[in-house]
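Please read it alongside the sequence and the coordinates.

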Amino acid sequence: MRPFAYTAAQCEALRLLASPAHHIMLFGGSRSGKSFVLCCALTVRALRVPGSRHAVIRRYCRSCRNSIGNDTMPRVLERRFGGRVRWEFNRSENFFRFGNGAEIWLIGLDDAERADKILGKEFATIYFNECSELEYSGVQTALTRLAQNAPPLVNKAFYDCNPPSRRHWTYRVFMEKCDPADRKALAHPEDYAAMRINPAANQANLPAGYIENTLRSLPRRQRERFLEGRWLDEDGAALWRPDTIAASRVTAPPELLRIVIGVDPAVTGGGSSDLTGIVAAGAGIDGEYYILADRSLRGSPEQWLRRVDALYRELAADRVVGEVNNGGELIAALLTGFNRTLAFKAVRASRGKLVRAEPVAALYERGVVHHVGEFPELEDEMCSYAPGRAAKSPDRMDALVWAVTELSGGENPGEKFFFA
């Protein structure tokens, strides 16, 4: 094995991590060395102060364990520290413990019960890995635990991501230096620093042909994100536009006459499966439509069924509309098994996605669909959906389309539909 050496970009990143900023993000393309250098910095901080506690947080516990626990951290401890550090990994609780008693915990926010237990502790460092997958509210909650008194360490939060769209909270916080919800300027913008780091700077550590054959062959928007590390601009071919959604946004709905939950279920569960889209919408007394919640998730059938049932009860919804192409009547049976009073309507995707989505997009153009608050992930998916060249199944968008179509009259969603 060749002697270890940081790349020039990683050296620059380490200087930034040592700066006075308390929140530091590394963003850029795939396999650029972001997580490696951040895990190095995390380990150095842990070794510096005996008994200190640190955390790596990702959306899914399994992803955090597989990516960080089984891959990046062992490589860091072997390559960067050359086996000179005593450590053990507690597989039942998902944390590394070093010889000085310091710990690095691996946390997935999808396991709420376990996350609450772990986040009952205080940490000197929190590293949000792949934070484009995280909701800002979850990040804010986790940051309340960045509170361990471990001098001489200054408590810090690290972040990394392959840059998503400019509507994502990571861009608003680190690039625009504003609050993602109300767009007000951050009180201490100097506390937030960011650096782009791309795979070209890490080529010495990559397999032959990875950049040339793998990344350069991606579709344009994916290439911009995963090779060039660029924040994605609005797609002019998309059915929805950010300004159209923003123009009709409201903080609260009027009296609602009917509430429907649209569900686009994934065929399988697990970290590599599609999301199950779960979006709630209501028909107002004014004859217009209101998007109330996006509770989409990637998980097992039991997890998304519980999520749908909980939202149905929370909103006192009138009906769940679910696509059954892949699940047939089993989906209805499972849902009603959770809640016998739940009203379920099965719908089948007999028409193409574009044919279903266009009439709903037309309602947005007319200004009669309103988002109650912001739904960054849903809106990013909507504004990235370009008919004929979508890279993945738009699960959140599909759930929204089913819900609004049901509220607006099924086959003729261009006509207002009033309920007595």
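Among contacts in the protein chain between residues at least 6 apart in sequence, 71% join residues at least 24 apart. The model is predicted. Its protein chain has 14 helices and 14 strands, and of its 420 residues, 52% count as buried.

**Nonpolar cores**

- The largest nonpolar core has 34 residues, of which V56, M73, F96, F98 and I104 touch the most other members.
- Two or more residues of this core come from each of α1 (8–17), β1 (23–27), α2, α3, β4 (95–98), β5 (103–108) and β8 (192–196).
- The greatest contribution to this core is that of α2, which gives 8 residues.
- As background, nonpolar side chains tend to be buried together in soluble globular proteins.

**Surroundings of F98**

- With residues up to four places away in sequence left out, F98 touches T43, A46, L47, M73, L77, V85, R86, W87 and I104.
- Two of these partners, M73 and I104, are named with F98 among the residues that touch the most other members of the largest nonpolar core.

**Packing of α1 with α2**

- The axes of α1 and α2 cross at roughly 45° and come within 10 Å.
- The two helices α1 and α2 are therefore oblique to each other.
- Their crossing is right-handed.
- On the α1 side the contact is made by Q10, A13, L14 and L17, and on the α2 side by F36, V37, L38 and A41.
- By class, the contact of α1 with α2 has 7 nonpolar residues, 1 polar residue and no charged residues.

**Packing of α2 with α3**

- Helix α2 (residues 34–48) packs against helix α3 (residues 61–80) at an angle of about 70°, and their axes are 10 Å apart.
- An angle from 65 to 115 degrees counts as roughly perpendicular, and α2 and α3 are therefore described in that way.
- The crossing of α2 and α3 is right-handed.
- Helix α2 brings S35, F36, C39, C40, T43 and V44 to the contact, where they meet I68, T72, M73, R75, V76, L77, R79 and R80 of α3.
- The contact of α2 with α3 contains 8 nonpolar, 3 polar and 3 charged residues.
- F36 of α2 takes part in the contact with α1 and also in the contact with α3.

**Packing of α13 with α14**

- Helix α13 (residues 376–384) and helix α14 (residues 395–407) have axes 8 Å apart and pack at an angle of about 90°.
- The helices α13 and α14 are therefore roughly perpendicular to each other.
- E377, L378, E381 and M382 of α13 are in contact with D395, R396, M397 and L400 of α14.
- The residues of this contact divide into 4 nonpolar and 4 charged, with no polar residues.

**The loop between α6 and β8**

- P189 is located in the loop that lies between α6 (169–174) and β8.
- With a relative accessible area of 31%, P189 is partly exposed.
- P189 and M175 are 14 residues apart along the chain, and their C-alpha atoms are separated by 9.8 Å.

Methods
Residues are numbered from 1 along each chain as its sequence is written. This is a predicted model: local features need pLDDT of at least 70, side-chain atom pairs count only at pLDDT 80 or more; totals for chains, interfaces and linings use all residues. Side-chain values use heavy atoms; hydrogens and water are left out. Axes are lines fitted to C-alpha atoms, for helices over the stretch in contact, and angles run from 0 to 180 degrees between N-to-C directions. Helices (H or I, at least four residues) and strands (E, at least two) are DSSP runs, numbered from the N terminus. Angles under 35 degrees count as roughly parallel, over 145 as roughly antiparallel, 65 to 115 as roughly perpendicular and the rest as oblique. A crossing is left-handed if the near helix is turned anticlockwise from the far one by less than a right angle, and right-handed if clockwise. Contact means heavy atoms within 4.5 Å. Ala, Val, Leu, Ile, Met, Phe, Trp, Tyr, Cys and Pro count as nonpolar, Asp, Glu, Lys and Arg as charged, and the others, Gly among them, as polar. A nonpolar core is a set of buried Ala, Val, Leu, Ile, Met, Phe, Trp, Tyr and Cys residues joined through side-chain atoms within 4.5 Å. Buried means under 20% relative accessible area, exposed over 50%, partly exposed in between (1.4 Å probe, protein chains only).
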